[in-house]
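Try each task on your own before reading its solution.

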Amino acid sequence: VLRGLPPEDQRLFLRFVTSSGRAPLLGFGHLNPPFTIQKVRCEASPLAALGLGRDADRLPTASTCFNLLKLPNFKRSGTLREKLLTAI
């Protein structure tokens, strides 16, 4: 989903997760603490992946001090994109 975002939205995502709109000078390998994605369990219809049921309603959240993205377990990439853009 991130690769499909325009550069401005990618910067907003980076700021959302790390509190900085720029990549680390020496690259993400030198980010301290390292960038981490934590899967957050949310209730969604089992049919959501097929587009027949309702997906999770929760928005992604972040802990910028820890470079941590808390990402609900969305079943559809379209929902992930929509919720991520709303959050950032």
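**Exercise 1.** Find the residues in contact with Ser63, leaving aside its neighbours within four places in sequence.

*Solution.* Keep in mind that this is a predicted model. Start by placing the residue: Ser63 belongs to strand 2, residues 61-63. Next, look for its contacts beyond those sequence neighbours: they are Val17, Leu68 and Lys70.

**Exercise 2.** Decide whether Ser63 is buried or exposed.

*Solution.* First recall the cut-off: buried means under 20% relative accessible area. Then take the value for Ser63, which is 18%. Ser63 is therefore buried.

**Exercise 3.** Work out the strand order of the open sheet, and say which strands stand at the edges.

*Solution.* A friendly reminder to begin: strands of a sheet pair through backbone hydrogen bonds, either parallel or antiparallel. Here the three strands follow the order 1-3-2, and the pairing is mixed. Strand 1 (36-40) and strand 2 are at the edges; each has a single partner strand, so one side of each lacks a neighbour in the sheet. From one strand to the next, the twist averages 25°.

**Exercise 4.** Describe how strand 1 and strand 3 pair, then follow Val40.

*Solution.* Strand 1 and strand 3 run in the parallel sense, paired over five bridges. Val40 has Pro72 in strand 3 as its bridge partner. Leaving aside neighbours within four places in sequence, the contacts of Val40 include Arg58, Lys70 and Leu71. Finally, Val40 is one of the twelve residues of the largest nonpolar core. Helix 1 (7-18), strand 3 (68-72) and helix 2 (77-87) each give two or more residues to this core.

Definitions and conventions
Residues numbered from 1 in each chain as written. Predicted model: local features only at pLDDT ≥ 70, side-chain atom pairs only at ≥ 80, totals over all residues. Heavy atoms only, no water. Core = buried A, V, L, I, M, F, W, Y, C linked by side-chain atoms within 4.5 Å. Buried < 20%, exposed > 50% of the residue type's maximum accessible area, 1.4 Å probe, protein only. Helix = DSSP H or I, 4+ residues; strand = E, 2+ residues; numbered from the N terminus. Contact = heavy atoms within 4.5 Å. Pairing = 2+ DSSP bridges. Axes fitted to C-alpha atoms, helices over the stretch in contact; angles between N-to-C directions.
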